[in-house]
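Trainee: Hi! Could you walk me through this one? I'd like to start with how the pieces of a chain get their names.

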Amino acid sequence: MAYVVTEACIKCKYMDCVEVCPVDCFYVGANTLVIHPDECIDCGVCEPECPADAILPDSEPEAEKWLEMNRQYAQTWPNITRKGESPADADEWKGVADKFAKHFDPNPGKA
C-alpha cells in the first residue's frame, strides 16, 4: 500500500508533506506534487500535514485514479526533500474542484 497525491494539490502545492516524509518519495511538478508509490512505505505521516487534504491512501476508492498519475510523473519529475515556497495564491485554490482537467501542468518543477 502507498499514499497518493490527488488533484487537490494542484495550484496549492503547500509542501508541508515533504518535510515529514522519512523516505523522500515526493516529486515536484510545476504546480503540484506526486508520491512515488513504489517508494512510499505507507507510514501515513504526510496525510495529516496537507492543508489541502490532497493525500490519500491508495486503499481509498477515490485514490485509484491518481495512482498511475503519481507513478508516471514521479519517474520524470525531480525528487524534492525540503519544503519550498507555496504559490502566493495557494489558499485561493484550496477546495476548487476539477483542477486536473483545467489546470494540471505536466512540466517538472524545481527541487
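Predicted model: local features only at pLDDT ≥ 70, side-chain atom pairs only at ≥ 80, totals over all residues.

Trainee: Which residues does Cys-12 touch?

Mentor: Skipping residues up to four places away in sequence, Cys-12 touches Ala-52, Ser-86, Pro-87, Ala-90, Trp-93, Lys-94 and Lys-99.

Trainee: Let's zoom out. How many helices and strands does the chain have?

Mentor: There are four helices and four strands. Starting at the N terminus, the order is β-α-β-β-β-α-α-α. The radius of gyration is 12 Å, close to the 13 Å the globule rule gives for 111 residues, so the chain is as compact as a globular protein of that length.

Trainee: What share of the residues is buried?

Mentor: Of the 111 residues, 44% count as buried. In soluble globular proteins, nonpolar side chains tend to be buried together.

Trainee: Which residues touch the most other members of the largest nonpolar core?

Mentor: Those are Phe-26, Leu-33, Ile-35 and Ile-55, in a core of 24 residues. At least two residues of this core come from each of β1 (3-5), α1 (16-20), β2 (26-28), β3 (33-35) and α3 (90-93). There is a second, separate core of twelve residues, and Tyr-27, Ala-63, Ala-74 and Trp-77 are among them.

Trainee: Back to Phe-26, what is it in contact with?

Mentor: Leaving out neighbours within four places in sequence, the contacts of Phe-26 include Val-5, Cys-17, Leu-33, Ile-55, Pro-78 and Ile-80.

Trainee: New topic: where does Asn-70 lie?

Mentor: Asn-70 is part of helix α2, which covers residues 64-74. Asn-70 counts as buried, with a relative accessibility of 0%. Beyond neighbours within four places in sequence, Asn-70 is in contact with Val-4, Val-5, Val-34, Ile-35 and Pro-37.

Trainee: Last one: how many positive and negative charges are there?

Mentor: The chain has 10 positive and 21 negative charges, and their mean positions are 7 Å apart.

Note on methods. Residues numbered from 1 in each chain as written. Heavy atoms only, no water. Rg over C-alpha atoms; globule rule 2.2 N^0.38 Å. Buried < 20%, exposed > 50% of the residue type's maximum accessible area, 1.4 Å probe, protein only. Lys, Arg positive; Asp, Glu negative; His and termini not counted. Charge placed at Lys NZ, Arg CZ, Asp CG, Glu CD. Core = buried A, V, L, I, M, F, W, Y, C linked by side-chain atoms within 4.5 Å. Contact = heavy atoms within 4.5 Å.
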